[in-house]
Amino acid sequence: MNSLLFALLRALRGHVWLRLLAFAFILSSLGNGLTQVVVFGQLLRWQASPTALTLAWLLATVPGFLGSLIGERLCRTHPPLHLLICCELLGLLALILPLEGLRHHNVPLLLAVQSVEALLAGMSWPALALTFKRGLSAQELPAATAMENLIFASQVLLGMGVGVLLFERVSPLSLLVVDAISFLAASWLLWLTRQRTAIAADDRRPKTQKPLGWASLTLAQKRSLLLLPSLAAVGAPAMALLPALAQQMHPDDTAGLALPLLFSRSLGQLCGPLLLNSRKMPEYVERNRLLLGCLGIFLLAYAIMPMLSGFTAAALGAIFIAHLASNVVFALGTFSVLHQFTEDVVSAASAKAWRWQTLSATLATSITVMLTSQLGAIYTLWCVSFCALLLVGGVLFRYRT
């Protein structure tokens with residue numbers, strides 16, 4: 001069996017440190033998902049406007065640009081696992097923001113925690129890429145892609161799943177306490193990972209990195225850096241509009257629909273890439289029809305959602321299919337960066353891809369925020385995302401290999 005799932009299982013069986021790392025990030029993602037339930041659940045309870053709901057998504061992406069710059073620089077002078085532990089502890093401190101927001105009925109404080117999480121995610125991304133590149137062989141890189149996808153999806157799959165079940169039954173304060181425990185447990189597991197892996201010996205290497213000038217990159221490297229920003233341009237407006245679409249579909253019970261939609265979204269994110277053949281990943285990256293087809297399915301599923309307002313199960317299925325498709329592109333984008341760049345520049349390349357992804361998502365979401373109040377959620381989706389899809393098609397054919 002050559003799927004990414006089996007590639008990941010083989011790597012986990014062969015590396016103790018990878019099992020510890022996986023468990024740490026699953027716990028951390030559980031807590032982050034619970035925090036998002038608290039933030040979006042309270043915004044919906046307080047009858048926040050569609051613009052405010054969309055702005056929440058924007059604030060959850062912009063700081064990632066600065067975070068990736070910080071992470072790239074710190075990777076030159078500090079062991080990547082030290083940076084990951086630091087990010088977990090800073091995430092623990094950031095829980096003060098939603099706690100105060102709940103106490104004082106303060107929407108900006110609730111939104112601020114999204115920005116802090118984005119900053120820390122940007123810091124951890126190059127450190128995680130460097131850890132995988134140093135700790136795994138070239139044949140095991142598809143397992144790293146599967147791991148990144150698992151980390152990306154489990155935040156909502158686990159956190160949102162548990163949060164959806166507990167939000168109406170448990171106080172938001174209790175959910176934040178669980179989040180704090182998850183950050184502490186993840187920090188401890190990452191410390192154990194640091195003790196068990198040979199990556200620690202790499203800390204004595206000279207801390208130099210080659211510059212990543214665009215003109216010096218190969219066509220394949222340029223394409224690999226553009227895949228994640230392309231996904232962000234098409235996907236960010238749709239995902240930012242998801243709470244507003246739920247509000248439009250079920251105005252009387254928005255939270256009852258929005259949170260299950262978020263859970264279905266993450267289930268699709270998890271399942272899609274794991275079905276890819278790990279040995280054909282380099283081939284998949286070069287297929288423009290596959291990439292554009294997945295993005296087209298993603299947008300089509302979002303576009304038909306308002307037509308399914310009376311059929312909750314169908315709406316959940318549409319979101320599942322949308323993110324089943326979009327995360328195929330995400331998995332290929334993350335794999336391509338690890339595959340195309342050598343160890344001495346992979347953290348810089350990963351950080352650059354993250355920054356471009358952040359800029360792309362920020363621009364698309366900013367336009368979405370401005371148009372939502374004028375056109376409504378569904379017409380904004382058509383205007384922004386489908387125009388972005390045409391632009392992405394041009395970029396992919398320009399840099400086809």
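The model is predicted: local features need pLDDT of at least 70, side-chain atom pairs count only at pLDDT 80 or more, and totals for chains, interfaces and linings use all residues. Residues are numbered from 1 along each chain as its sequence is written, and side-chain values use heavy atoms, with hydrogens and water left out. The chain has 16 helices and zero strands. Of its 401 residues, 59% count as buried.

**Fold**

- Helices (H or I, at least four residues) and strands (E, at least two) are DSSP runs, numbered from the N terminus.
- Buried means under 20% relative accessible area, exposed means over 50%, and partly exposed lies in between (1.4 Å probe, protein chains only).
- A contact means heavy atoms within 4.5 Å.
- Among contacts between residues at least 6 apart in sequence, 87% join residues at least 24 apart.
- H105 sits in the loop between α6 (96–104) and α7.
- The phi angle of H105 is near 50°, a positive value in a residue other than glycine.

**Confidence**

- pLDDT is the predictor's confidence in each residue, from 0 to 100.
- The chain averages a pLDDT of 82, and 88% of the residues score at least 70.
- Confidence is highest in helix α5 (residues 80–94), at a mean of 92.
- Confidence is lowest in helix α3 (residues 50–59), at a mean of 67.
- Over residues 200–209 the pLDDT is below 50, yet this stretch has 15 contacts in the model beyond near neighbours in sequence.

- E72 belongs to helix α4 (residues 63–77).
- E72 counts as buried because its relative accessibility is 10%.
- The side chain of E72 makes two polar contacts listed here: one with the side chain of R76, at 3.3 Å, and one with the side chain of R355, at 2.9 Å.
- H323 lies in helix α14 (residues 312–340).
- H323 has a relative accessible area of 0%, so H323 is buried.
- Leaving aside neighbours within four places in sequence, H323 is in contact with M239, R265, G268, Q269, F298 and Y302.
- With Y302, H323 also forms a side-chain polar contact of 2.8 Å.
- L270 is 53 residues from H323 in sequence, and 8.6 Å away in space, C-alpha to C-alpha.

**Pockets**

- On a 1 Å grid over the protein atoms alone, a pocket is an open set of points with protein on both sides within 12 Å along at least five of seven lines, while a cavity is a set of points where a 1.4 Å probe fits but cannot get out; lining residues have an atom within 4 Å of a point.
- Grid points are joined across faces, edges and corners, and a volume is the space filled by probe spheres set on the points.
- Ala, Val, Leu, Ile, Met, Phe, Trp, Tyr, Cys and Pro count as nonpolar, Asp, Glu, Lys and Arg as charged, and the others, Gly among them, as polar.
- The largest pocket has a volume of about 340 Å³.
- It is lined by 15 residues, and P229, A233, S360, L363 and L391 are the closest to its centre.
- Helices α10 (219–249), α15 and α16 (377–398) each give two or more residues to this lining.
- The most come from α16, with six residues.
- The lining of the largest pocket has 13 nonpolar, two polar and no charged residues.
- The second largest pocket holds about 230 Å³.
- Its lining has 14 residues, with A138, Q139, E140, P142 and S278 nearest the centre.
- Two or more residues of that lining come from each of α1 (4–14), α8 (141–166) and α14.
- By class, the lining of the second largest pocket has eight nonpolar, three polar and three charged residues.

**Cavities**

- The whole structure has two cavities of 30 Å³ or more.
- Helix α14 gives the most, with four residues.
- Six of the lining residues are nonpolar, three are polar and one is charged.

Technical notes: Polar contact = N/O pair within 3.5 Å; in protein donor to acceptor, adjacent residues only side chain to side chain.
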